[in-house]
Amino acid sequence: MASSRRSSRRCAARDRSARERRLGVSDPTSTTLAFLAVAAFAAGWIDAVVGGGGLVQLPALLVALPGATPAQLLATNKFGSIFGTTVSSVTYYRRVRPDLRTALPMAAVAYAGSVGGALVGLHIPKAAFNPIILALLVLVGSYTLLQPDLGRESIRRFSGHKHVGLAMLTGLLIGAYDGALGPGTGSFLVFALVGLLGYNFLEASAKAKIANFATNLGALTVFAPLGLVLVKVALVIAGANLVGGYVGARTAVARGSGFVRALFIAIVSAFVLKIGGSLLGWWA
């Protein structure tokens with residue numbers, strides 16, 4: 001029985017390798033890897049400061065690896081991203097000291113939501129989500145822009161169990177979204193913590209990074225055992241994302257909530273332009 005299982009695993013591994021060779025993704029060129037490293041560093045920096053690095057890293061993977069399947073791209077992106085969210089979470093915690101009584105329950109349910117979302121996302125065409133992402137980004141960006149004092153200082157809107165409960169509900173819903181698709185997750189977490197719970201942008205970013213680490217881990221819990229991670233590419237973007245996450249977290253802490261808010265608006269605007277232009281056929 002055990003030997004039969006081992007034989008099945010070896011056959012599955014050979015099948016994956018053959019599939020990767022046919023897709024042209026098992027041995028990317030040095031130029032491709034360098035391009036992905038630069039994109040991953042930028043994504044890690046953006047993600048650490050204000051979230052949304054996936055909207056940089058995923059398109060880069062799509063351009064660099066046109067033969068890969070959507071599930072492979074999403075799995076490889078998650079593997080790289082989790083290193084960035086790990087180092088930025090630790091950096092934020094050491095320098096901002098976010099309240100873990102809210103952050104940890106939020107992260108726990110975000111993990112569960114991401115596992116469920118990833119299971120669903122294996123069967124959903126990713127292009128179907130673009131209009132939804134665009135609508136959410138427009139609402140988030142417009143509300144932030146029209147509320148100049150939003151996120152400048154912490155004004156808690158709820159307390160006690162209600163505060164923690166709303167944070168957990170936020171983590172669960174956004175975690176499910178991250179598992180199923182992912183781009184913009186960090187930005188949505190930051191906005192929810194600022195707009196719904198009343199944190200300033202710096203505190204919100206610190207808590208969002210802890211929850212984002214959990215959502216990346218949840219998705220990988222589903223994707224990694226299926227052999228969907230493209231290991232060589234994943235290791236390159238993991239290293240670059242880690243460095244970007246560390247630099248980005250230190251930048252955000254040093255510059256404060258005003259800087260994070262301004263960058264948040266700029267990044268959301270760029271994402272709206274990119275996704276909206278794609279839907280209108282302005283570019284691929």
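By the ring-pairing rule, the count comes to two aromatic pairs (ring centres of Phe, Tyr or Trp, the last by its six-membered ring, within 6.5 Å; planes under 30 degrees apart are stacked, over 60 edge-to-face, the rest tilted). The model is predicted, with local features requiring pLDDT of at least 70 and side-chain atom pairs pLDDT 80 or more, while totals for chains, interfaces and linings use all residues. Residues are numbered from 1 along each chain, and side-chain values use heavy atoms, without hydrogens and water.

**View A. The pair Phe79 and Phe83 is tilted.** The ring centres of Phe79 and Phe83 are 5.4 Å apart, with planes at 55°. Both residues belong to helix α4 (residues 70-96), four residues apart, about one turn of the helix. Phe79 is partly exposed at 23% relative accessible area, as is Phe83 at 33% (buried is under 20%, exposed over 50%, partly exposed in between; 1.4 Å probe, protein chains only).

**View B. The pair Tyr177 and Phe188 is edge-to-face.** Here the ring centres lie 5.7 Å apart and the planes stand at 70°. Tyr177 is in helix α7 and Phe188 in helix α8, so the pair ties together parts 11 residues apart in sequence. Tyr177 is buried at 15% relative accessibility, and Phe188 is buried at 9%.

**View C. Tyr177 and Phe188 are among the residues lining the second largest pocket.** This pocket (an open set of points on a 1 Å grid, where a 1.4 Å probe fits, with protein on both sides within 12 Å along at least five of seven lines; lining residues have an atom within 4 Å of a point) holds about 230 Å³ of space. Helix α7 gives the most to the lining, with six residues.

Terms used:
Grid points are joined across faces, edges and corners, and a volume is the space filled by probe spheres set on the points. Helices (H or I, at least four residues) and strands (E, at least two) are DSSP runs, numbered from the N terminus.
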